[in-house]
Structure formats: C-alpha cells, structure tokens
Amino acid sequence: MLENFKDFLLNGENLLFIFFSMLVIIGAVFLINLQKVVHMVIALATTFISLAGLYVLLEAEFLAFVQVLIYAGAMTILMIFGIMMTKHDRQNEEPKRPLHNGLLLLGSIGFFFIIYLAIQEAAFPIQEFTSVEENTELIGIDLFTWHVIPFELVSVLLTVAFIGAIIVAKREED
Amino acid sequence: MNLLQDLTFSSFMWFLSGAVVLLAVVLGFVTYAIYFERKVIGWIQLRKGPNRVGPLGLFQTVADVLKLLLKEDTIPRNADRFLFILAPVIAFVPAFVVLATIPYTSLLQFADLNVGLLYYFALSSISTIGILLGGWASNNKYSLLGGMRSAAQMISYEVPLVMSVVGVVLLSGSLSLNTIVEGQAGGFWQWNILPQFVGFIIFIIAAVSELNRTPFDLPEAESELVAGYHVEYSGFRFAFFMLAEYVYVYAIAALTTVLFLGGWHSPLPFLDFIPAIVWFILKFLSIVFFLFWIRATLPRIRVDHLMSLGWKVLLPLALVNIFVTTIVIELIKYFK
C-alpha cells in the first residue's frame, strides 16, 4: 500500500498533478467562501489557470492555452469590468445555523463514503494512449472536414448573439 | 529541451538554472534599455540625456532602481491590501513567462512548443488582470480610470494583434515559433515581412498599443490621469510594474524578429558565416530602437480616436489580410 504512494510521489508528473488539482479545488472553495466579489473573481481565475495546467499534463497544449486565453484572460477581465461598474457593499453576515451545519457535515461524510466505496469497486481499464506530436493540426483538420457544419452553425449563432447585443445596447442609448 | 519531457529533479534544476540566467539577461536588458531610451530621446530632442552617474551616465538606471528599492513602501489605508500587493506580481509573472518559447537560435530555446504563438498571446493576456486589479485595489479614482483605460485598450488591440499574425501562421503552416523561423531561411526575400507587409504594419501598431507606449500611452497620460493605474504605488511595487512593461518590450521585439524578420537567419546567404545569435540580436535591437524612436517623435492620440482606430481600421484590415492571404495560398497551390 505505502509502496504505491511512494512510487506515486516520486514521479514529478504526479506531484504536478497534485499541485494543480489542489489549486483547482482551493480556487473553487475560496470562490464560494470569500466576501468581496473581486476576490472571488481572482479565486475563479486561479481555478481556470490551474485547469490549463492539468490540460498541459494531459498533453493537450492547444486546449490548455485556449483555456488560458478565453477563460483566464477574456472571461475574467469581463467579469472584473462588470463588477467594477456596479457598487458592492459588503453583505450582512449570514446567521449562524448550528443544526444546518451538523446536517451538512453528516451529509458530506455520507457522500464521501458512498463515493469512496464506489471508487473501490470500480475498475478502470487502462487504455493505450498514443500521444501525437501535431495534435493541434489534427484538431484543425477534424474541425474543418468532419465537423464543418456544426462549426459553421456555432459561428452563425455567435454572430447572431453579437448583433443582438449591439441592438439591445443601442436601444438603451436612445 | 522539451517542455513535455519527464519531470525529474535534475531536469527541474536545469530549467531553474536556465530561468535564472534568462532573468539576469532580461534584467540587464531592461537596465540598459531604459538608459538608451533616455539617451536616444535626449539626442532626438537635442538634449544630452543622463550623463552624471558613472561614465557617460551608464549607472543612471542602477541608481534609479536603488532609489526605488530604498523608498518607503506605502499602502493606502483604504486600499484593498491583499490585491494591492498581488497586482504587481500578476502583472509581472506572465511578462517573464512568455519568454520561454522565444527561439534565439535553432538550438538556444527553452521550450519548442507546437503552439508557441498561442502560448505567448494566452499568457500575455493575464497581465491585463494585474493592471486592472492594481487600479481597482488602490481605491483612487485616477488609478481606477487608468486601469479601466488600460484594460479596454489592451483588449481592443489584442484582437488585431492576434489576427495580424494569422497570415504568418497560414504561410508557415505551424504555430510553433521554431518552424515559423525555419520557413524564412535563405535571404531577406524569404522573410515574412514582404508577403505579410500589411500584417507587419498592423502587428507593430497593435504591439505598441499593447505595450501602453507613446503614441498610445493613454493609461498613464500624465496630464489627464496623474499617472494612471499605478498612482498609489511606490518603491519596489512600482518598480515591478515598470519592469513588466519593459520585459514586454523585450518580448514583443523578440516576437517581431521571429515572426516577420526571419529570426536568426542572415539577410543574404553569403553572410551566413556570422553567428546566428548576432543576427537575432541585431534585428532585435533595431526593433527596440524603433520603439524608442516613435516614442520620441509622435504625440499621444485621443482616447476615442484610439478605440476607433483599433476597431474600425486595424481589425477590418487584419481580416482582409487573412482573406487575401488564404486566397493567394490556395491559388498558388492550384496552379502548381
């Protein structure tokens, strides 16, 4: 049992996996618990960037950097903008509810045990994974040959949303 | 060295020592880039520039940095303390991290990612968060306005910046910076600047704007905003913001060299006996000089002009550039 742990921890890749997955979870927990909205967005950005780290570990570089570009870059900035334009006074502290918390603890422990047992039972067949050097190119080829119609539909949808947003904004201006 | 190789302790130490050397080189560059910027602007404006500290004023920047480090570190009482401290770090770290994929010669490169170009643009967009947070956390209306302007400008110009390099990607068929340079071997007529001249112009304009430098330095327009997003910063935190800005100058100059000026290749084939790194440094330094030159000679443009230039001129031009490049490539393929 302990030998397994030792082997697991001696591999640098596994250490990185632990590091990134911890950051993902910590970011998510802080997102829920923090009081100020801007702090929450920073916690969310931590989660996004650590997810990109996990993608890099899975050798999906393209996905990883698109994740950083869109979620960590664009989405986070959009949210910060939205928050800054509005006023946020600190909300009142939530009333303490000991019964609630006790039940929550009980539920969490029960959930943990169910999941734990399920994982113990489950079998994970190991699949051969051959990583390809030019996976970005393959994504491109796949997207523009086999999935070209969904791709075009999505672009039409985005254009419609874009024009719609402009029209709604214009109407308010008048 | 490959970024995706097995991570062991020895390879980790290798990366660490390489990164420390790079940091030293970049800090040296920044020190003397600031010195030469002041000298060059001085000469252009018929002044002498810094000439007191050390021979020819060579230690001026060192003295300035020493002053910044010794300064009292002030944090406004009503500032958001945590974010105020975090913001310079968020702004600086991506600036340094993007340097990892820049190929200096065919051998001297930290990581040959097959999505190197995407990596650069993805990580550099994180710096904007740092600037925006710095402006917000200071709890000062001028710094908030500066941060807002900066973020709006960086987002608007990132779009044409990324679009302008799509032509280069189409020509070389790869997002890897190494492959892009390999495709430009054999004389200056092979460089991407010739077939992608429109892309090059858009790239330079958008890059100057991304760097928040004159004529696009609206985020720190002294006459309107006191100093911009870093009004409340002093001492080494302020130095970090400045450092991030100059590391981006380094990064953009290196990226322009790689994408449009043929990287480490010599302009004429018979000049190949000169080492590749010398060519890279020469091209790199001429881009840096160009940035100083336009800073010294152009006035700042107005904020509404800035936005309409980005969205109404550069973006459509970049799209047309992509379209025309694609058609030409397909025609060449068809007639071959």
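Analyst: Let's start at A:Glu59, which sits in the loop between H3 and H4 of chain A (helices are DSSP runs of H or I with at least four residues, strands are runs of E with at least two, and both are numbered from the N terminus). Before going on, a word on the ground rules: this is a predicted model, where local features need pLDDT of at least 70, side-chain atom pairs count only at pLDDT 80 or more, and totals for chains, interfaces and linings use all residues. Residues are numbered from 1 along each chain as its sequence is written, while chains are lettered from A and ligands numbered from 1 in the order in which they are written.

What stands out about A:Glu59 is its backbone: phi is positive, about 60°, although A:Glu59 is not a glycine. Most residues other than glycine have a negative phi. A:Glu59 counts as partly exposed because it has 14 C-beta neighbours inside 10 Å (20 or more would be buried, 12 or fewer exposed, with C-beta atoms placed from the backbone).

H3(A) covers residues 37–57 and H4(A) residues 61–85; their axes come within 8 Å and cross at roughly 175° (axes are lines fitted to C-alpha atoms over the stretch in contact, and angles between N-to-C directions run from 0 to 180 degrees). The two are therefore roughly antiparallel, the word for angles over 145 degrees. Among the residues making this contact are A:Val41, A:Phe48 and A:Tyr55 from H3(A), and A:Glu61, A:Tyr71 and A:Ile83 from H4(A) (in contact means C-beta atoms within 7 Å, again placed from the backbone). By class, the contact has 19 nonpolar, two polar and one charged residues (Ala, Val, Leu, Ile, Met, Phe, Trp, Tyr, Cys and Pro count as nonpolar, Asp, Glu, Lys and Arg as charged, and the others, Gly among them, as polar).

UniProt, in an unreviewed entry, lists "transmembrane region" features for chain A, including residues 41–58 and 64–83; such annotations may be inferred rather than shown by experiment, and they follow the numbering used here, with feature names shortened.

B:Asn139 lies between H4 and H5 of chain B, and its phi is positive, near 60°, in a residue other than glycine. B:Asn139 is partly exposed, with 15 other C-beta atoms within 10 Å.

As for the helices here, H4(B) and H5(B) pack at an angle of about 165°, axes 7 Å apart, and that makes them roughly antiparallel. H4(B) passes H5(B) in a left-handed crossing (the near helix is turned anticlockwise from the far one by less than a right angle; clockwise would be right-handed). The residues of this contact divide into 10 nonpolar, eight polar and one charged.

Finally, the two chains meet: 23 residues of chain B and 20 residues of chain A take part. H4(B), residues 116–137, and H5(B), residues 141–164, each supply at least two residues of chain B's side, and H4(B) gives the most, with 11. That side of chain B has 18 nonpolar, four polar and one charged residues.

Definitions and conventions:
Angles under 35 degrees count as roughly parallel, over 145 as roughly antiparallel, 65 to 115 as roughly perpendicular and the rest as oblique.
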